[in-house]
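Subject: A structure for you to explore

Hello,

Here is the structure I promised to pass on to you. Please open it beside this message and follow along as you read.

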Amino acid sequence: MNRRTLAICDPEQAYACRLMDALSRREDFPFEVLAFTGAERLQDSLARKPVQILLIAQGLFREEMKDWVRHVILLQEEENSPVQELPCVSKYSSVLRIAKKVTETAMQTEKLPFLQTVGKACVYGFYTPVGRSLQTTLALTMGQLLAANKRVLYLNFECCAGLTEMLGKQADNTEFASLLYYLQESKEQFLGRLYQAAECINGMDFILPASCGYDLYGIAREEWRRLLDLLDDGQYDVILLDLSDGVQGLFDVLRRCTRIYTIVREDGFAAAKLAQYRETLERTDYSDVWERSKKLKLPFFCQLPKDIGNLLTGELAEYTKKVLDADEQGGV
């Protein structure tokens with residue numbers, strides 16, 4: 001498969017080379033990357049090798065460069081400096097933000113191939129009918145631990161997840177419900193949008209949950225099936241589904257999971273809810289979901305991290321590591 005080419009042009013050689021190296025190391029970045037420190041060498045190279053996107057320092061940009069390549073993105077020294085009507089990104093942005101800007105710009109005119117797929121993903125489903133069970137905290141902890149050596153995507157299906165507020169983010173068209181609008185696009189287009197929308201925390205990718213979780217209630221089971229089909233052969237080793245009762249075809253989604261984690265408790269209402277859940281699964285011919293579910297009776301944790309970015313240490317992290325180690329040894 002032919003890779004598109006991105007040229008970086010910046011007068012600071014160290015910066016241009018570091019950015020080239022950082023982008024080239026990203027397995028999900030569908031571009032070959034070249035680095036230049038001056039417009040003359042760039043122009044000479046273009047005569048021999050075409051470039052689709054030029055990421056160039058604002059001070060080096062000239063109008064005729066628009067004719068050299070399909071897209072020009074300006075590297076700004078200052079966030080609010082005046083620019084021509086061109087895409088731009090701060091020179092001091094994170095590599096992830098710059099990569100997303102390049103991908104977003106390219107997607108305006110062409111379908112990007114979704115490169116470096118890793119084969120079939122492992123899908124971990126988290127669901128319990130018991131409220132206030134630490135399900136989301138456990139899923140986020142497990143995702144960040146797995147992200148140390150795997151490519152992980154976390155998706156939250158709750159009606160009011162609260163993560164957008166905890167992270168200080170603004171709801172926009174990159175949230176989960178908005179992304180689902182594009183499910184009928186081709187695999188390459190949808191996964192490109194997914195990559196563009198993904199945020200990252202401690203190496204784990206996640207999509208901002210729906211700001212109005214009730215929007216998820218209208219997603220038919222066939223659409224959830226298509227979502228999993230699209231994700232199954234993409235860039236992620238592990239996909240974590242933090243599920244809720246609002247998912248149509250919930251049992252079908254759980255049946256699709258490689259692993260299922262169900263938090264259990266033995267107190268009155270919790271035990272009754274779990275018994276009813278099990279009975280419902282059996283009555284609707286989904287008893288295999290219960291049988292395959294790993295039931296986790298969480299211990300009492302003296303202290304839990306208040307920030308979702310600090311879940312890699314502490315009692316819950318240690319407990320989650322033991323769960324993962326046991327699953328790996330047991331071949332779950």
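Leaving aside neighbours within four places in sequence, which residues is Gln52 in contact with? Keep that in mind while we look around, and remember throughout that this is a predicted model.

**The whole protein**

Let's begin with the overall picture. The protein has 332 residues, and 50% of them count as buried. Its secondary structure consists of 12 helices and 12 strands. Taken along the principal axes, the C-alpha atoms fill a box of roughly 75 × 40 × 35 Å. The accessible surface comes to about 16,400 Å², and carbon and sulfur atoms account for 47% of that. As for charge, there are 40 positive and 48 negative side chains, with the centres of the two sets 3 Å apart. If you take the contacts between residues at least 6 apart in sequence, 71% of them join residues at least 24 apart.

Now find the open sheet of five strands, which has the order 2-1-3-4-5 and parallel pairing. At its edges are strand 2 (31–36) and strand 5 (88–90), each pairing on one side only. On average, neighbouring strands here are turned by 20 degrees against each other, direction ignored. Strand 4 (residues 71–76) runs parallel to strand 5, and three bridges join the two. You can check this pairing at Gln76, which stands opposite Ser90 in strand 5. Helix 1 (residues 13–24) packs on this sheet and touches strand 1 (4–9), strand 2, strand 3 and strand 4. The direction of helix 1 makes about 170 degrees with that of strand 2.

Back to the opening question. Gln52 sits in the loop between helix 2 (39–46) and strand 3 (53–57). With its neighbours within four places in sequence set aside, Gln52 is in contact with Arg4, Thr5, Val69, Arg70 and His71. Is Gln52 buried or exposed? Its relative accessibility is 19%, so Gln52 counts as buried, the cut-off being under 20%.

Strand 8 runs antiparallel to strand 9 (residues 204–206), and three bridges join them. Within this pair, Cys200 stands opposite Asp205 in strand 9.

Finally, look for Ile308, in the loop between strand 12 and helix 12 (315–330). Ile308 has a relative accessible area of 10%, so it is buried. Which residues does Ile308 touch, not counting residues up to four places away in sequence? They are Leu140, Gln144, Leu163, Met166, Leu167 and Ile201.

Enjoy looking around!

Best wishes

Note on methods
Residues are numbered from 1 along each chain as its sequence is written. This is a predicted model: local features need pLDDT of at least 70, side-chain atom pairs count only at pLDDT 80 or more; totals for chains, interfaces and linings use all residues. Side-chain values use heavy atoms; hydrogens and water are left out. Two strands pair if DSSP finds at least two bridges between them. Helices (H or I, at least four residues) and strands (E, at least two) are DSSP runs, numbered from the N terminus. Buried means under 20% relative accessible area, exposed over 50%, partly exposed in between (1.4 Å probe, protein chains only). Contact means heavy atoms within 4.5 Å. Accessible areas come from the Shrake-Rupley method with a 1.4 Å probe; for residues, only the protein chains shown count as cover. Lys and Arg count as positive and Asp and Glu as negative; His and the chain ends are not counted. The place of a charge is taken as NZ of Lys, CZ of Arg, CG of Asp or CD of Glu. Axes are lines fitted to C-alpha atoms, for helices over the stretch in contact, and angles run from 0 to 180 degrees between N-to-C directions.
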